[in-house]
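Here are some worked exercises for getting to know a structure that is new to you. Take your time, and try each task before reading its solution.

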2 protein chains.
Amino acid sequence: MEYTTIKNKIISLINFGIGKENKLRGAKTPKELINEFDFSIGKDGKSQEEIVAIIDDIISNSVNTNHPFFMNQMYGKQNTMAIYGDILTTLLNTSMYTYEVAPMMTLIEKECIAKLSKIVFKTSGDGVFTPGGSISNMMGLMLARNAKIKQVKKEGLTNAPKFSIFLSDQAHYSFQKAAIFMGFGNDSIVKIETDEIGQIDVNALQLAIEQEKQNDRIPLLLVGVAGTTFSGVYDDLANLAEIASKNDMWYHVDAVYGGSLLFSKQESIKFIGIEKADSVSWNLHKMMGVPLICASFLTRQKGLLNEAFAVDADYLFHDTEADYDLGQKSLQCGRRVYALKLWLTWKHDGEIGFEQRINKLMEIAATFAAKISAKNNFELLCQPESAIVVFRILDFDLDAGEINNLNKMVRDKIFNEGEILFNYAEFKGKIYLRCVISDPELKEEAINKIICKIEETVSFVKKQIESSFISLNV
Amino acid sequence: MEYTTIKNKIISLINFGIGKENKLRGAKTPKELINEFDFSIGKDGKSQEEIVAIIDDIISNSVNTNHPFFMNQMYGKQNTMAIYGDILTTLLNTSMYTYEVAPMMTLIEKECIAKLSKIVFKTSGDGVFTPGGSISNMMGLMLARNAKIKQVKKEGLTNAPKFSIFLSDQAHYSFQKAAIFMGFGNDSIVKIETDEIGQIDVNALQLAIEQEKQNDRIPLLLVGVAGTTFSGVYDDLANLAEIASKNDMWYHVDAVYGGSLLFSKQESIKFIGIEKADSVSWNLHKMMGVPLICASFLTRQKGLLNEAFAVDADYLFHDTEADYDLGQKSLQCGRRVYALKLWLTWKHDGEIGFEQRINKLMEIAATFAAKISAKNNFELLCQPESAIVVFRILDFDLDAGEINNLNKMVRDKIFNEGEILFNYAEFKGKIYLRCVISDPELKEEAINKIICKIEETVSFVKKQIESSFISLNV
């Protein structure tokens, strides 16, 4: 079959990239797209020219996550080297279960895990790449369970005592999903309140642990968050390490978003105590610009992963290189190679390059935050602890509910115009705007443009309200 | 930063492909590779030229899974269109949780799921793409559990009754992993014996169900296998459907490997009964040549996935397009786009192209099997039911143990020479060789070459034994 025209299209996309020249977002509803576009598969195939036209349609109707003004999610602007690493992964197309079919990829994954472990635990440790942070967090719960009750692997949870899992109300929802999926039930989740920026309240935690013990529930897992989803702030990891140890709990640190600050000497003070964690989740596809997915699960003690996940499978695992058959550490059997793109990028950029990327992101976040602070009509949640700037629009003529609606309306209007994308979330009853900095080359003028756009939109929305029947109280 | 040299390298790999011109395998041990190659990450980065040299080293020391003689795993020769689809996925770099950031990808995934469901269930159904067949199988167990006891989502498995999961001794080991991971314990797994080619023994199954009931265990899940890992044979899916229904069990069909035969009218008779399954796992990265990973989980009844996996996460999921936020059906939060590469390939090849691919693979397997059958010195396990040819070398001068060792030695010698890669496994005490056909363009001469190579190696190994102290009885 002939593919030259399609191949040339793909090569030109690689040559010129999908970057700031492309539209950030074409805001269409599902209905509009379904009307406009033929998603169905036909009996006969399509010509090369038709496929190229389809590719163009896909690009122009997708969100351009590489655009500097894409600040809506916790990933964004890709590292160019990492794109090439992911393309090489696709071309090599192997699976991470055995050394036999993935010799280089196995050694590369092992090197990345050893290096990440060393950064986290100051010692070698163990780990594996997973299909995402949620599954890494589940694996933490799995090891916690096995550490507490050995026989559950054989006998299951029926007749086991009831367990409790402690985490802040700002911890990621994947722990809840994990508790439900793994048979602990939602009741096992104990959410601890947080302070005014989203850090766990350690006193409330200690009270809750006592309470659960009195209710005959066994403390199983304590989660520390290193970079909350909402505000990017860090729990007091050292204090939590002590509490976990005192109560004989597994200590898991969710550094899925915030872990990459460990690459920077000046930022790494935020992590004091993480070296005492039993396990850690850390995604590299977020701040480091590696294409989705690049998620690691790390554990301090060697051997636990194999104990948890190794199952006899004679057709696949032969004895010869057992230590190098990473399928024995993984929830999956066949597994895409996630490590190559990280390793190649790290090799290319060096430790210095990784440190600089983080420092640049943090400088941009600090500049952004300073500009917000300097204005009366904005309220900054806190100095950014990682690369998220969280703030809200203020208006002294409006009440609390109206201010919430104003923030949401401004965000939605800007989002739907499609030139700047950022997200919003509610925290302690207030709606905040969240700009995630993912592009280390973001210019100061870009920040000015964003703030200016928000201010203009505030005026526009307020005028619209005054001149119409739209109310801020919905 | 400058990337031109590296970019040109990647583009030349896309232009010329990693195909049969490249070596199939450079057989090196971990020690040898570690000695030869610098896996460490340095303080400083590497130059473009150094990165290109590293890429060359990686390729020449990796297994070339696109080579026509790569028959070692259940995937292989890629579909060219699917490679381009995966590269486009990397360039677009979005995450599958919300319509907001993945409008086109969401509609494309929904179209693929609807189409696959229709093929399986003859009705629309529901589903999601997952990071692999093992996790799809786990999701089947999750839905089974929720269907049986609603309160487990809230209360967990403590105090729940003991459950049993029935599957053949040829079913994939991921069910065992799932039972352990999800808190049912290994004891919940009831392995049913199989006949002489690996199909479940339905009488033994019925006895086992009665037995478990008498032991106060509740039958929870029945697994039917549509293409076993070892021999690619199909369980009697219609019969199993009845047994599941009679015993009020969830019926999950593992069509991870064999599902793609559904694309062929003439092959689809093997699946009678699958339309009664409650859920099905089906991977497209195996027979269809889509790059790893492309795995689907399908379920007949709409709404169950959302019920099982939706968790409140205000920062991410807003109300607007809830039906289109696929993160609510998934075990993951951030999720790579798995559907685009399949959809583009299907669009390009058409239904007819997919059917032809399967028919070609089956013709090659039949030809291969016929050639093996025609020879006295080989024993074919059975006519291939899917694209795996399973056979063993016979020798009337040797006893059973010696024949096993001969088969293993011949396979290992050929494997280590690195020109033809196929696997082996033990079945009912006998070692068999397994050649998986993944390249629909494999020529008859290639089959002749493989058989000839095996025969030559048998002679060589036997001579070596006669003239030395090596014994076949180890």
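The exercises below go through this predicted model piece by piece.

**Exercise 1. Find out how confident the predictor is in chain A and in the complex.**

Start with the chain: the mean pLDDT of chain A is 95, and 97% of its residues reach 70 or more. Then turn to the complex, for which the predictor gives an ipTM of 0.97 and a pTM of 0.97.

**Exercise 2. Work out the strand order of the open seven-stranded sheet in chain A, and say which strands stand at its edges.**

Step one is the order, which reads S2-S8-S7-S6-S5-S3-S4 in chain A, with mixed pairing. Step two is the edges: strand S2 (126–130) and strand S4 (189–192) of chain A each have a single partner strand, so each has one side without a neighbour in the sheet. From one strand to the next, the twist averages 20°.

Step three looks at one pair inside the sheet. Strands S3 (residues 163–168) and S5 (residues 218–225) of chain A run parallel and are joined by four bridges. Here Phe166(A) is opposite Leu222(A) of S5(A).

**Exercise 3. Decide whether helix H5 of chain A is mostly covered or uncovered, and see what follows it.**

First, its extent: H5(A), residues 103–121, has 19 residues and reaches 27 Å from first C-alpha to last, close to the 27 Å expected. Finally, Lys122(A) follows H5(A), with a positive phi near 60°.

**Exercise 4. Explain why strand S8 of chain B is described as largely enclosed.**

Begin by counting: five of the five residues of S8(B), 295–299, are buried, so the rest of the structure largely encloses this strand. Then sort them by face. In a regular strand, side chains alternate between the two faces of the sheet. On one side of S8(B) are Ala295(B), Phe297(B) and Thr299(B), and on the other are Ser296(B) and Leu298(B).

Now look at the partners. S2 (residues 126–130) of chain B pairs with S8(B) in the antiparallel sense over five bridges, and Gly127(B) has Leu298(B) as its bridge partner. S7 (residues 279–283) of chain B is also antiparallel to S8(B), again with five bridges, and Ser281(B) stands opposite Phe297(B).

**Exercise 5. Identify what covers the buried residues of helix H14 of chain B, then visit Ile431(B).**

Among the buried residues of H14(B) are Ile447(B), Ile450(B) and Ile454(B). Their cover includes H12, S10, H13 and S12 of chain B.

Ile431(B) belongs to strand S12 of chain B. Ile431(B) has 22 C-beta neighbours inside 10 Å and therefore counts as buried. Among the residues that Ile431(B) touches are Arg392(B), Asn404(B) and Tyr424(B).

**Exercise 6. Describe the side of chain B that touches chain A.**

Count first: 111 residues of chain B are in contact with 111 residues of chain A. Helix H4 (residues 80–92) of chain B gives the largest share of that side, ten residues. By type, the side of chain B divides into 56 nonpolar, 32 polar and 23 charged residues.

Conventions:
Residues are numbered from 1 along each chain as its sequence is written. Chains are lettered from A and ligands numbered from 1 in the order in which they are written. This is a predicted model: local features need pLDDT of at least 70, side-chain atom pairs count only at pLDDT 80 or more; totals for chains, interfaces and linings use all residues. Two strands pair if DSSP finds at least two bridges between them. Helices (H or I, at least four residues) and strands (E, at least two) are DSSP runs, numbered from the N terminus. Axes are lines fitted to C-alpha atoms, for helices over the stretch in contact, and angles run from 0 to 180 degrees between N-to-C directions. pLDDT is the predictor's confidence in each residue, from 0 to 100. Two residues are in contact if their C-beta atoms, placed from the backbone, lie within 7 Å. Ala, Val, Leu, Ile, Met, Phe, Trp, Tyr, Cys and Pro count as nonpolar, Asp, Glu, Lys and Arg as charged, and the others, Gly among them, as polar. The expected span of a helix is 1.5 Å times one less than its number of residues. A residue is buried if 20 or more other C-beta atoms lie within 10 Å of its own, exposed if 12 or fewer, and partly exposed in between; C-beta atoms are placed from the backbone. Lists of a residue's contacts leave out its neighbours within four places in sequence.
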